[in-house]
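Here are my notes on this one, in the order I'd go through them with the model open. Have a look yourself first, then read on.

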Amino acid sequence: MIRPNVALPSAPEAIPTRLPLPRRRPAPKARFLTLVRRVHLYSGLLLLPWVLLYGVTAFLFNHPEAFSDRESRALPAGEIAALSELPEPEVWAREIVAKMREDNPGVDLELVEDRDIEVRGSLRLTLQTEGQRSDLRYEPGADDAELFHSGTGEKREAPAFARSRGFRSQEDVFDRIEQQTASFVGFAENDIERSQLRAPTLRFWMSEGDRLWRVSHDPVRGSVQAEPADAIGEDFSTRRFLLRLHTAHGFPAEATTARFAWAVLVDLMAGAMVVWGLSGVLMWWQLKRLRWAGFFCLVSSLVGAGLLGVAMFGMMQ
């Protein structure tokens, strides 16, 4: 059998070498989103200790019995019989109105019973003896009260120089401050219905013989408190320290103190929370498959927060 002529394959031609294409620069939108992700990531890492602090201390505020340095237990309200004698809000209100009528004869005073009558806040009682302190907290209408026990350490008698409460000082200065402020804002002295002043506390050290005292003076109330130097900080527990950190706010006059640095970090923490929230929304929007689910969650969150905010505003108002 004669095979047909088959052309043999020719030698492969040399494939021309292609130069690599220049790397394309990311679009501005991609660069912006990359920047957002980096800010979201690194701000979270840098401020993680403060996020944890805020979370832990918020829990401690909400649960006074948690990790407390005081012994606590639930106390059935029936154990304190007088707790059950607290009158109902309506009865209580009628009693007050009746007394007002007695004190104001000829004035037509009536209780509006179709409006809310409620008792707000809790009953708090503190009993302290030498070496022990007990705190009772009771929400009217609850089945149980909370009882906290703690030791107070060695009883500290106030020194003789701190027992007087008549050390009002710089009264003329505070009076001038009040008068000049009223004049500046255009208030006539006779038109002022209430004036309330809280002055800064003066703190200094003083010796009594061979004993050193830290003295605090309220110039408006005229009070003087003294703590022995060797006992300062004995009752300052870890829990109390964390809660004080949580509530510390505002900038001091001097910018070189730890208090000022803490205030700066509080501002950074507030800014970071805003950045995390907004950048999280932006990153969610880039995930097209999750837009509808995320949109449902976002709307639900906004509606729920709005309703709760309105309810809390009404309660607080």
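1. Start at a strand pairing: Ser207 stands opposite Leu212 in S6. Strand S5 (residues 202–208) and S6 run antiparallel to each other, paired over seven bridges. Strands here are DSSP E runs of at least two residues, helices are H or I runs of at least four, and both are numbered from the N terminus; two strands pair if DSSP finds at least two bridges between them. The S5–S6 hairpin has two residues between the strands, and Gly209 has a positive phi near 65 degrees there.

2. A word on what we're looking at. The model is predicted, so local features need pLDDT of at least 70 and side-chain atom pairs count only at pLDDT 80 or more, while totals for chains, interfaces and linings use all residues. Residues are numbered from 1 along each chain as its sequence is written, and side-chain values use heavy atoms, with hydrogens and water left out.

3. On to the next pairing. Strand S6 (residues 211–218) pairs with strand S7 (residues 223–228), again in the antiparallel sense, over six bridges. Asp218 has Ser223 in S7 as its bridge partner, and Trp213 has Pro228 in S7. Four residues lie between the strands in this hairpin, where Gly222 takes a positive phi near 80 degrees.

4. How much of S6 is buried? Six of its eight residues are, so to speak, under cover, with buried meaning under 20% relative accessible area (1.4 Å probe, protein chains only). For the protein chain, buried residues make up 17% of the 317 residues.

5. Now the helices. H2 (residues 48–62) packs on H6 (residues 258–286) at an angle of about 90 degrees, and their axes are 10 Å apart. That makes H2 roughly perpendicular to H6, a label for angles of 65 to 115 degrees. The axes are lines fitted to C-alpha atoms over the stretch in contact, and angles run from 0 to 180 degrees between N-to-C directions.

6. Who meets whom? From H2 come Trp50, Val51, Leu53 and Tyr54, and from H6 come Trp262, Leu265, Val266, Met269, Met273 and Trp276; contact means heavy atoms within 4.5 Å. The residues of this contact divide into 10 nonpolar, no polar and no charged.

7. Finally, the overall layout. The protein chain has seven helices and seven strands, in the order α-α-β-α-β-β-β-α-β-β-β-α-α-α.

Key:
Angles under 35 degrees count as roughly parallel, over 145 as roughly antiparallel, 65 to 115 as roughly perpendicular and the rest as oblique. Ala, Val, Leu, Ile, Met, Phe, Trp, Tyr, Cys and Pro count as nonpolar, Asp, Glu, Lys and Arg as charged, and the others, Gly among them, as polar. Buried means under 20% relative accessible area, exposed over 50%, partly exposed in between (1.4 Å probe, protein chains only).
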